[in-house]
Amino acid sequence: MAILLTGATAATMEGGYGLIPDAALVLEGDRIEWIGPGSDLPDDYAGFPARDLGGRLVTPSLIDCHTHIVFGGTRATEFEMRLNGASYEEIARAGGGILSTVKATRAASEDDLVAAALPRLDQMLAEGVATVEVKSGYGLDAETETKMLRAARRLGQLRPVTIVTTYLGAHAVPPDHKGRADAYLDEVAIPTLRLAQAEGLIDAVDAFCEGIAFSPAQVERLFTEAQALGLRVKLHAEQLSNLGGAALAARFSALSADHLEYLDEDGVIAMAAHGTVAVILPGAFYTLRETQLPPIDLLRRHGVPMAVATDCNPGTAPMSSLTLAMNMACTLFRMTPEEALLGATAHAARALGLADRGRLAAGLRADLAIWDAKTPAELSWRIGPTPLHARIFGGQIDR
Ligand code: DI6
Ligand code: FE
């Protein structure tokens, strides 16, 4: 099955937007066979079944590289508590927050979790997303953590999307181990990591490095185990305070360090040295009404690639719109629309360790988004429905 697309405004995302006006693309099987100016199209492809895009913008499919879309229940009550004066940390210390979602997730069946996640996933797909990272972390016991990961894997069978799973067993300390984070790691989080890896349920390992969660020393123990199992790591770091988590993650050659509002220049330098991607999550910043801005300028200056993701979760980012996250990255953090789109394509792919997507180039996966838009800045500019015209997943047109 080959498809020829002509009359495209292609944003290849090679070194910036990498725009090719009046581009042609040849898709064969699940790969991009050829891309370039239409006037350079080799004769061999000229007879392929063609579709004229009339100047529409074509980008790589978007990639949401940091989500928690599998969870039970909601957190609207806590949202209301915060508006009545309680802080996120106070709620967490009182057993709410992440732990209230843990209760609801433990009570849900695998089918319930899949059913609850599908509408969130479907919104993402409707906005041109084709690769979604999904974390566990609302189970905090072996049974529920693996249930979440199985639910995540099933999402990838139910929809035209690549699901990348991340084990986040060190997300919070559960009530049964209150005040005993090290014992929780030894008795639950690390054994569950081994179990989930043996079942083929995980692609990477994450943790929450924070005063209300796990210390750098504890994260280091978990990462050492992950490394021994041959798994890449990433870290929720410097979200609420600076514990040096990003530098620690970088020392383990982490794929990414995420959030980073309280990151300092030493952390930025460590990330640059190890090729660790900075995942910028403006939805959590917005929801928590955080005032400390992530050091975008330092990240730029040191050449750290920045990804942008939704962080879709019931507590700090109840949103599943990646284009809204791009808009927020621009408006709240002064990232440029070009940086935001790189952040949802090429740099997001890097944050997941996926070399076969995120850009438009021969040999890469034919995951494409075709937009009713003329310029790439439109994708970050609009607040509201995303102008997706068509979506191609692995060479198949699916909407
Ligand atoms: N940081 C976050 O923003 C989410 N997890 C994390 O470690 C919040 C998760 C939640 O509140 O449910
Ligand atoms: Fe998160």
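**Reading the metal and ligand sites**

Analyst: Along the chain, the donors of the iron ion (ligand 2) follow the spacing H-x1-H-x167-H-x74-D. This is a predicted model, in which local features need pLDDT of at least 70, side-chain atom pairs count only at pLDDT 80 or more, and totals for chains, interfaces and linings use all residues. Residues are numbered from 1 along each chain as its sequence is written, chains are lettered from A and ligands numbered from 1 in the order written, and side-chain values use heavy atoms, without hydrogens and water.

User: Which protein donors does the iron ion (ligand 2) have?

Analyst: Donors are N, O and S atoms within 2.8 Å of the metal (3.2 Å for Na, K and Ca), and sites may look incomplete since water is not among the atoms. Here they are His66 (NE2), His68 (NE2), His236 (NE2) and Asp311 (OD), lying 2.1 to 2.2 Å from the iron ion.

User: Which polar side-chain atoms lie 2.8 Å from ligand 1?

Analyst: A polar contact is a pair of N or O atoms within 3.5 Å. Arg75 places a polar side-chain atom 2.8 Å from an oxygen atom of ligand 1, while His171 has one 2.8 Å from a nitrogen atom of ligand 1, and an N or O atom in the side chain of Gln239 is likewise 2.8 Å from a nitrogen atom of the ligand. By the Shrake-Rupley method with a 1.4 Å probe, the protein covers 100% of the 320 Å² of accessible area that ligand 1 has on its own.

Methods
A polar contact is a pair of N or O atoms within 3.5 Å; within protein, one must be able to donate a hydrogen and the other to accept it, and residues adjacent in sequence count only if both atoms are side-chain atoms.
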